[in-house]
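Hi,

Here is the structure I said I would pass on.

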Amino acid sequence: MPQISPAEFYALPLRVHTFLADVPLHDVWAVDLPSHRDGVTLSGFLRRASQQGLDAGDAEINKFPPVARALFRLRLFLGRIFRLDAEPKDALATSLGSRLTAEDRARSFVVPGTAEGLFRVVYRFENEQLLEVQNRTVHGAALSALAERADSYRFYFAIYVRRRTWITPFYMGLIDPFRKRIIYPALLKKIRAAWEQNV
């Protein structure tokens, strides 16, 4: 479940490449998933997985390995204490949702702006989903995509970060080692487990 080269990601025919052309790609990850059947879509997988509890709730955090679970809870605790996760007053005006075209909105399986944990859905297409988070530390986006290959599927997870204040680069530098070594590997293992259960 490696962090991969952006070149492979940019070669995919995804809407996000033009949609977030001016937002820096922070990093991108991938996990290969077995091909139990043809025609699996990201939207269908996420719908079934959500029904099984893949959403980032308290019960789901308990399913992560102990170190990852502790880091999640520490981050949520600090977020409550220092109000780090409060949406800024201009969140609606600066939302990525304002970039959506009429065609984007028509294609989306989920209403843009729908809350999903600490994130909001920007769009969910058949094989591509973009989530957005705005808080006191960062304006970020998380892109999930699913590509069918000759004998497997590949799930992509990309992070985009837009500088919100002077805090943003310091915050990202602080959490990057934990994010890359603990949080994202655990998250992608969880995606693989959900795939085995729901596909």
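The second largest pocket holds about 340 Å³ of space. It is lined by 19 residues, and those closest to its centre are Glu 87, Ala 91, Ser 95, Arg 120 and Glu 132. Keep in mind that this is a predicted model.

Where does the lining of that pocket come from? Helix α6 (91-94) and strands β3 (119-124) and β4 (128-134) each put in at least two residues, with β3 giving the most, 4 residues. Sorted by class, the lining of the second largest pocket comes out as 8 nonpolar, 6 polar and 5 charged residues.

The structure has 1 cavity of 30 Å³ or more, and the space in the largest cavity is about 30 Å³. Its lining is made up of Val 23, Leu 96, His 139, Gly 140, Ala 141, Tyr 160, Val 161 and Arg 162. Strands β5 and β6 each supply at least two of the lining residues. By class, the lining of the largest cavity splits into 5 nonpolar, 2 polar and 1 charged.

On to the packing. The largest nonpolar core has 25 residues, and the ones with the most contacts inside it are Leu 33, Phe 45, Leu 146, Phe 155, Phe 157 and Trp 195. Elements giving two or more residues to this core are β1 (25-34), α3 (42-51), β5 (139-148), β6 and α8 (167-198). The largest share, 8 residues, is from α8.

Setting aside residues up to four places away in sequence, Phe 155 touches Trp 29, Ala 30, Val 31, Leu 33, Leu 42, Ser 144, Ala 145, Leu 146, Leu 188 and Ile 191. Another core lies apart from the largest one; this other core has 24 residues, including Val 16, Phe 125, Ala 147 and Ala 158.

One more residue to look at is Ser 152, which sits in strand β6 (residues 152-162). Is Ser 152 buried or exposed? Its relative accessibility is 13%, so Ser 152 counts as buried, because the cut-off for buried is under 20%. Beyond its neighbours within four places in sequence, Ser 152 makes contact with Leu 33, Ser 35 and Ala 147. Two of these names have come up already: Leu 33 is listed among the residues with the most contacts inside the largest nonpolar core, while Ala 147 is one of the residues of the other core.

Cheers

Methods. Residues numbered from 1 in each chain as written. Predicted model: local features only at pLDDT ≥ 70, side-chain atom pairs only at ≥ 80, totals over all residues. Heavy atoms only, no water. 1 Å grid on protein atoms, 1.4 Å probe; cavity = no way out; pocket = protein on both sides within 12 Å on 5 of 7 lines; lining within 4 Å. Points joined across faces, edges and corners; volume = space filled by probe spheres on them. Nonpolar A, V, L, I, M, F, W, Y, C, P; charged D, E, K, R; others polar. Buried < 20%, exposed > 50% of the residue type's maximum accessible area, 1.4 Å probe, protein only. Contact = heavy atoms within 4.5 Å. Core = buried A, V, L, I, M, F, W, Y, C linked by side-chain atoms within 4.5 Å.
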